[in-house]
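The following exercises concern the structure shown below. Each task is followed by a worked solution.

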Amino acid sequence: MITSGANAMRMIIAAENASMRMSGESNLALFYLRLFRNRGIDVWLVCHARVRDELRQMFPDPVDFQKFHLVEDTGFQVLVWKVGQWFPYRIKDLIFGQWVHILTQRGMRKIIRELVRKENVQLVFEPAPITPMGLSFMYGLGTPVVIGPLCGGLEFPPAFRYMDSPFSRYAIKIGRILSNLAHRWAPGKLQAASLLVANDRTKDALPHGCRGSVYEVVESGVDLSICKPIARQQPVSGEVIRFIFWGRFVDWKGIQFLVRAFRQVAEQTNAVLELIGDGEMLDSVKTQVSELQLGDRVIFHGRLSRGDSIGVIKRCHVFVIPSLRECGGNAILEIMAMGLPVVATNWAGPANYVTPACGILVDPDSVQGFVDGLAGAMLKLAGSPELRQQMGDAGIERVKEQYFDWESKADRILEICRATLEGQPKLGL
């Protein structure tokens, strides 16, 4: 159990999911909970009951658990979620996912209003969802609200917009128009005291009418106590070069293009492609590997824990992330901290994180050009241990900048929280 001083800031972290087992932004609330407590902040957590068992395992002390307040599902939420499974993933996330989120947020708001009154809470911090257009019911709580870091406002590159069906594009367009209207109904972002955004693109995607101070802080982070530089061995003649992909098997991650590119690499080298993750495209990717006759040159690890994933990554040489709609890219920063060079798409989040010093960015100008570009980048790095070393070293230095590590990110966010309480907008953009 972690205790706090009598004069500590009293804060509620509000996030629908607080889990290390779930992917992506679900981790954020727990990262901030740990980091803020380590800095003496008195923290409550309000989230969905689906993470109850995991939280009990992570925090076995009953005194800790008294500060966790969980929202149970309603029958209507379950129905909405089931209906959403019949739709394309972007519609499922943007429309049906939003309805589930709305119902959860309404329950969270009720709990938080009571906690603010009962516990004399000074500030509510909402780190997720990270989408700038997502609705927030964190308003009228009797205390300032800080939301973010947010990241979004992103489309596919022009040459890949075909990946959204006409129906999906139309539904998304209508959804975004309606979202601006919905923010008048649920004005959490409009009334937030402070909004944290990852970049100008995200700032431009905020709903119209936000009145709070806006600060720039990237949403991704690296735990440098876990993602440590890999101890490298001297290159050996004929060594098998291992490329690694770590992420969800969904179409926008671009894994189908990576497999096509790797066929060119496999024809010219003895390289191996290792894949960590699972998802809706897993079976189709396995079929693609079989049709391209790549056999044991592609290794499927399935979904692994973070620790086990890092164990696999440590024996690899190059990280490849061909995402086509990646707002941020937490895995990129973690891999860079470990000292691997990166091959990534020259679009959005990866283009913001990867510089020519620490990786190779591939332009997504056309499908075949993208595939060829990925192959060329992999072949270049496969043939040059010196370049891999240089880029790996540069990546380690890169993650120390711009609040990329969780410790400095936590310090920056607490600085913003204190400025919010003291009314000091001078720290903003």
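A residue is buried under 20% relative accessible area, exposed over 50% and partly exposed in between (1.4 Å probe, protein chains only). The model is predicted: local features need pLDDT of at least 70, side-chain atom pairs count only at pLDDT 80 or more, and totals for chains, interfaces and linings use all residues. Residues are numbered from 1 along each chain as its sequence is written, and side-chain values use heavy atoms, without hydrogens and water.

**Exercise 1.** Determine whether Leu-181 is buried or exposed.

Solution. Begin with the location: Leu-181 belongs to helix α6 (residues 166-185), where helices are DSSP runs (H or I, at least four residues) and strands are runs of E (at least two), numbered from the N terminus. Next, take its relative accessible area, 59%. Leu-181 is therefore exposed.

**Exercise 2.** Describe how α1 and α16 pack.

Solution. Helices α1 (residues 28-38) and α16 (residues 406-422) pack at about 80 degrees, with axes 10 Å apart. That makes α1 roughly perpendicular to α16, a class spanning 65 to 115 degrees. Among the residues that meet are Phe-31 and Tyr-32 in α1, and Trp-406 and Ile-413 in α16.

Technical notes. Axes fitted to C-alpha atoms, helices over the stretch in contact; angles between N-to-C directions. Parallel < 35°, antiparallel > 145°, perpendicular 65-115°, else oblique. Contact = heavy atoms within 4.5 Å.
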